[in-house]
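I opened the notebook to record what could be looked up in this structure, working from the overall fold down to single residues. The entries are kept in the order in which I made them.

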Amino acid sequence: MDYQQFDKISLGFFPTPLVKLSRLSQALGCEIWMKRDDMTGLAFGGNKTRKLEYILGDALAKGCDTIITAGAAQSNHCRQSAAAAAQLNLECHLILGGKQPEKAEGNLLLDNLLGCHIHWAGENRKGEDIPTLYQQLLAQGKKPYIVPYGGSNELGALAFVDAVAELARQSQGLAFSRLIFASSSGGTHAGLMLGKRLFNQTFELIGINIDKDESGQLPFDAHILALAKQTAKMTGTEETFSPDELILNASYLGAGYGVVGAAENEAIALTAQLEGILLDPVYTGRAMAGLIDMIRTGEILPGEKVLFWHTGGAPSLFAYTGQLDLTQGKNQAI
Ligand SMILES: *Cc1c(COP(=O)(O)O)cnc(C)c1O
């Protein structure tokens with residue numbers, strides 16, 4: 001397996017820490033560990049840092065001077081792309097779903113500080129308008145590079161093959177029974193799936209589905225399998241994956257993408273108050289809610305050693321004051 005020909009650059013601090021969550025473990029009756037990709041360091045970090053090391057490495061190698069990417073108004077991917085672009089002296093254009101809010105908060109506040117160009121796209125929060133903007137920038141004499149939605153192409157997924165190698169080095173002798181994480185645009189999932197295969201990891205890989213597809217079907221299964229296969233080709237291997245190898249648990253979609261319910265609020269509060277670790281309202285809060293539920297319902301057995309992959313996202317907490325349960329704080333007079 002040799003894929004060193006790709007132009008990976010350094011944008012974060014690796015390996016990210018692997019820590020045991022003692023108090024949360026005790027409270028839930030399982031041994032819970034956490035991979036701290038919220039600590040990659042790039043403008044508050046997150047899983048997109050890994051993907052951007054390959055994707056923007058490719059952009060630089062191709063001589064591009066401008067990047068375009070897309071996401072929701074509170075996209076962590078867009079915030080990390082904007083930060084990386086600043087560092088690399090690339091002009092950055094973000095196409096964000098919805099319309100410009102009165103106040104820029106959370107990730108959007110950071111996007112502004114990072115100096116990128118923001119285009120509001122209404123309903124089109126998944127990059128539908130990228131081709132139009134690409135042509136406009138070309139016409140202006142720029143050399144634009146398209147960073148795919150969520151950074152989820154083969155290069156982005158490849159970064160999570162590396163992440164499994166990193167985990168394997170860190171976790172020797174730990175033998176996790178499961179790895180649980182938030183799965184959305186699929187690049188993390190595809191990379192972890194392939195990395196698990198290539199580095200002979202024995203954990204069950206459980207993606208918690210975050211984003212319901214508008215058509216109401218499970219949207220991402222086929223996409224993730226195809227992406228894992230394509231990514232395998234880039235590593236010079238011919239791995240293929242069957243649908244029964246993919247676990248994308250859609251039981252925790254709640255009221256939809258970015259809507260914080262009781263389960264997310266509980267998961268965020270427990271993790272904050274037992275471990276001092278901040279989850280995010282959209283992704284990791286929901287994935288942790290899934291883990292907690294699987295433990296409580298006995299789907300995960302008492303005493304199992306499980307790994308939760310913290311994919312980042314906490315900056316959007318600051319845009320969710322209206323939906324987060326703030327009654328947990330103990331405000332009182334002296
Ligand atoms: C993007 C993101 C994910 C999902 O990763 P995908 O590769 O898009 O599936 C999970 N958690 C956070 C915090 C993210 O920003």
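**Entry 1: ground rules.** I am working with a predicted model, in which local features need pLDDT of at least 70 and side-chain atom pairs count only at pLDDT 80 or more, while totals for chains, interfaces and linings use all residues. Residues are numbered from 1 along each chain as its sequence is written, and side-chain values use heavy atoms, with hydrogens and water left out.

**Entry 2: the whole chain.** I looked up the secondary structure and found ten helices and ten strands in the protein chain; these are DSSP runs (helices H or I, at least four residues; strands E, at least two), numbered from the N terminus. The radius of gyration is 19 Å, close to the 20 Å given by the globule rule for 334 residues, so the chain is as compact as a globular protein of that length. That radius is taken over C-alpha atoms, and the rule is 2.2 Å times the number of residues to the power 0.38. Along the principal axes, the C-alpha atoms fill a box of roughly 60 × 55 × 40 Å. I noted that buried residues make up 55% of the 334 residues, where buried means under 20% relative accessible area, exposed over 50%, and partly exposed in between (1.4 Å probe, protein chains only). Of the contacts (heavy atoms within 4.5 Å) between residues at least 6 apart in sequence, 79% join residues at least 24 apart.

**Entry 3: α7 and α8.** Two packed helices are described by the angle between their axes and the distance between the axes. The axes of α7 (residues 187-198) and α8 (residues 221-234) come within 8 Å and cross at roughly 55 degrees. Here axes are lines fitted to C-alpha atoms, for helices over the stretch in contact, and angles run from 0 to 180 degrees between N-to-C directions. The two helices are therefore oblique to each other, given that angles under 35 degrees count as roughly parallel, over 145 as roughly antiparallel, 65 to 115 as roughly perpendicular and the rest as oblique. The crossing of α7 and α8 is right-handed, a term used if the near helix is turned clockwise from the far one by less than a right angle, and left-handed if anticlockwise. I listed G187, H189, A190, M193 and L194 on the α7 side, and I224, L225, L227, A228, T231 and A232 on the α8 side. By class, this contact has eight nonpolar, three polar and no charged residues; Ala, Val, Leu, Ile, Met, Phe, Trp, Tyr, Cys and Pro count as nonpolar, Asp, Glu, Lys and Arg as charged, and the others, Gly among them, as polar.

**Entry 4: α2 and α3.** I then looked up α2 and α3 (residues 76-88), whose axes come within 10 Å and cross at roughly 45 degrees. That makes α2 oblique to α3, and the crossing is right-handed. K48, T49, L52, L56 and L60 of α2 meet N76, H77, Q80, S81, A84 and L88 of α3, a set that divides into five nonpolar, five polar and one charged.

**Entry 5: α4.** In α4 (residues 106-113), I found G106, N107, L108, L110 and D111 to be buried, and the buried residues of this helix pack against α3, β4 (91-96) and β5. G115, which follows α4, has a positive phi near 80 degrees.

**Entry 6: backbone details.** A cis peptide bond joins F14 and P15, with omega about 0 degrees, and P15 is found in the segment before β1 (18-20). In the loop between β2 (31-36) and α2 (48-61) I found A43, which has a positive phi of about 45 degrees although it is not a glycine. A43 is partly exposed at 26% relative accessible area. F44 lies in the loop between β2 and α2, has a positive phi near 80 degrees, and is exposed at 58%.

**Entry 7: two buried residues.** Which residues does L24 touch, not counting those up to four places away in sequence? L24, found in α1 (residues 22-28) and buried at 0% relative accessibility, touches I32, L270, T271, L274, E275 and M288. The C-alpha atoms of L24 and T271 are separated by 6.9 Å, although these residues are 247 apart along the chain. A121, in the loop between β5 (117-120) and α5 (130-139), counts as buried at 12%. Leaving aside neighbours within four places in sequence, A121 is in contact with I95, L96, G98 and D129.
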